[in-house]
Amino acid sequence: MIRVGVNGYGTIGKRVADAVEAQPDMEIIGVAKTQPNFEAHTAVKRGYPMYAAIPERAPLFAEAGIELAGEVDELVAEADVIVDCTPSGIGAKNRELYETHHTPAIFQGGEDADVADVSFNARSNYAAARDADYVRVVSCNTTGLSRIIAPLEEEYGVEKVRATLVRRGGDPGQNSRGPINDILPNPIKVPSHHGPDVKTIFPDLEIDTLGLKVPATLMHVHALNVTLEDDVTGAHVRQLLEGEDRIYVVPEGLGIDGAGKLKDLALDAERPRGDLWENCVWGESIGVNGRDLYLFQAIHQESDVIPENVDAIRAMFELEDQKTSMELTDRKLGVGISGDPSGFSEQARAEFADD
Ligand code: NAD
């Protein structure tokens, strides 16, 4: 049983904690928080021992009625691995703490690639994290791009990817973010930094990306053009993508015409926090012109990286091979909508039936 600590219990951290706890071969031994906000109370309710991320703030937890198990360096010393889910840039500062205790760590995509020995996406380079002490799970956008590039590369070969990323301005709770009523080329300089980030997973890939930010919180939407090495048909590509558990090819006829309906589907299917761990590719958008493939996909920024963090732990500790790990993660979380128009995955149904 791998003993996992989560440092930074916000949007990503709280989801990682629940996902780890759902697995049979790893457990949460504690989470570290900077303040006793509502998420701290949720963590306590879920039974996660609470550690103070900033020792001077420990009294605030007592005042809020939260009993601390200790301070963050005790959690780091105790854990087999820390999943660092602190805001961008803090993870890099935390690395010294993890090194001091010889505790391996997983960082998130907001950190620069050089924070870790390897950048990770389970579908694309699982084996690269074997035995690594420091791994970075790439960002939500890079995860979404990697998951779709991997099968295309394997099946047809990829000559060049061009992707326009229409990014949500902030997460639902980030009321300080914007734009409120604007459409921002962001970053304004093209190509954007997202392409080089994808190259941390596929070093030889030709890829150019452009980014925008819009007043939305639900999901990102990617407009993709991939020039393949072979002529293909749309039907063949669709079949290929339908075979991927972490890709949901949105069928025609369900009335899912945007990110809002996708989120409704997830909530109706009683997914935790309305999460959509899968890339959501609109089946109707898959279009082919010779070797050029076009499609739209939506990426739920808050949750697509969650299964990847679980797999990163298994890869680092060489617990399972890629296929076994991804299948186990998906089964325990309920990832994989394909084949069920109501949004309940077959695996999730099986899990519910077992309970
Ligand atoms: P968040 O702000 O929702 O959560 C971060 C948490 O860390 C907060 O609870 C904050 O109080 C806490 N924190 C701040 N300083 C800390 C410290 N020194 N020690 C411990 N905890 C501290 O941020 P998030 O969205 O969960 O992002 C975390 C990481 O995941 C970032 O690298 C981000 O780029 C990446 N990421 C975010 C998303 C997303 O859409 N939210 C998607 C993929 C990757």
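This note goes through selected features of the structure in numbered points.

1. Basis of the model. The model is predicted: local features need pLDDT of at least 70, side-chain atom pairs count only at pLDDT 80 or more, and totals for chains, interfaces and linings use all residues. Residues are numbered from 1 along each chain as its sequence is written, and side-chain values use heavy atoms, with hydrogens and water left out.

2. The annotated active site. An unreviewed UniProt entry carries the annotation "active site" for Cys140. UniProt positions are given in the numbering used here, feature names are shortened, and annotations may be inferred rather than shown by experiment. Cysteine 140 belongs to helix H7 (residues 140–155). Helices (H or I, at least four residues) and strands (E, at least two) are DSSP runs, numbered from the N terminus. Cysteine 140 counts as buried because its relative accessibility is 16%; buried means under 20% relative accessible area, exposed over 50%, and partly exposed in between (1.4 Å probe, protein chains only). When neighbours within four places in sequence are left aside, cysteine 140 is in contact with His220, Ile299, Gln301, Asp304 and Val305. Contact here means heavy atoms within 4.5 Å.

3. The annotated binding site. The "binding site" annotation, from the unreviewed UniProt entry, covers Thr11, Ile12, Gly110, Arg168 and Gln301. Isoleucine 12 has its place in helix H1 (residues 11–21), and at 18% relative accessibility isoleucine 12 is buried. Its contacts, apart from neighbours within four places in sequence, are Cys85, Gln108, Gln301, Glu302, Val305 and Ile306.

4. Not counting residues up to four places away in sequence, arginine 168 touches Gln174, Arg177, Lys213, Val214, Ala216, Thr217, Met219, His220 and Gln301.

5. Aromatic pairs. A search of the whole structure gives four aromatic pairs. Rings of Phe, Tyr and Trp (its six-membered ring) pair if their centres lie within 6.5 Å; planes under 30 degrees apart count as stacked, over 60 as edge-to-face and the rest as tilted. Tyrosine 9 and tyrosine 48 make an edge-to-face pair, at 6.4 Å centre to centre with 70° between the planes. This pair links distant parts of the chain, 39 residues apart: tyrosine 9 is in the loop between strand S1 (2–7) and H1, and tyrosine 48 is in the loop between helix H2 (38–45) and strand S3 (50–52). Tyrosine 9 and tyrosine 48 are both buried.

6. Phenylalanine 107 is in strand S6 (residues 105–107) and tyrosine 134 in strand S8 (residues 134–137), 27 residues apart, and the pair links distant parts of the chain. Phenylalanine 107 and tyrosine 134 are both buried. Together with Tyr98, Phe107 and Tyr134 form one aromatic cluster. Arginine 95 lies over the face of tyrosine 134, at 4.0 Å from the ring centre; a charge sits over a ring if NZ of Lys or CZ of Arg is within 6 Å of the ring centre and within 35 degrees of the ring normal.

7. Helix H12. The twelve residues of helix H12 (residues 322–333) reach 16 Å from first C-alpha to last, close to the 16 Å expected at 1.5 Å a residue. The expected span is 1.5 Å times one less than the number of residues. Ser325, Met326, Leu328, Thr329, Asp330 and Leu333 are the buried residues of H12. After H12 comes glycine 334, with a positive phi near 90°.

8. Cis peptide bonds. Asparagine 186 and proline 187 are joined by a cis peptide bond with omega of about -5°. Proline 187 is in the loop between strand S10 (184–185) and helix H8 (194–198). The bond from valine 190 to proline 191 is cis, with omega near -5°, and proline 191 is found in the loop between S10 and H8.

9. Positive phi outside glycine. Glutamate 270 has a positive phi near 60° and lies in the loop between helix H10 (259–268) and strand S14 (279–282). Glutamate 270 counts as exposed because its relative accessibility is 62%. Arginine 273 has a positive phi of about 60° and lies in the loop between H10 and S14; its relative accessible area is 29%, so arginine 273 is partly exposed.
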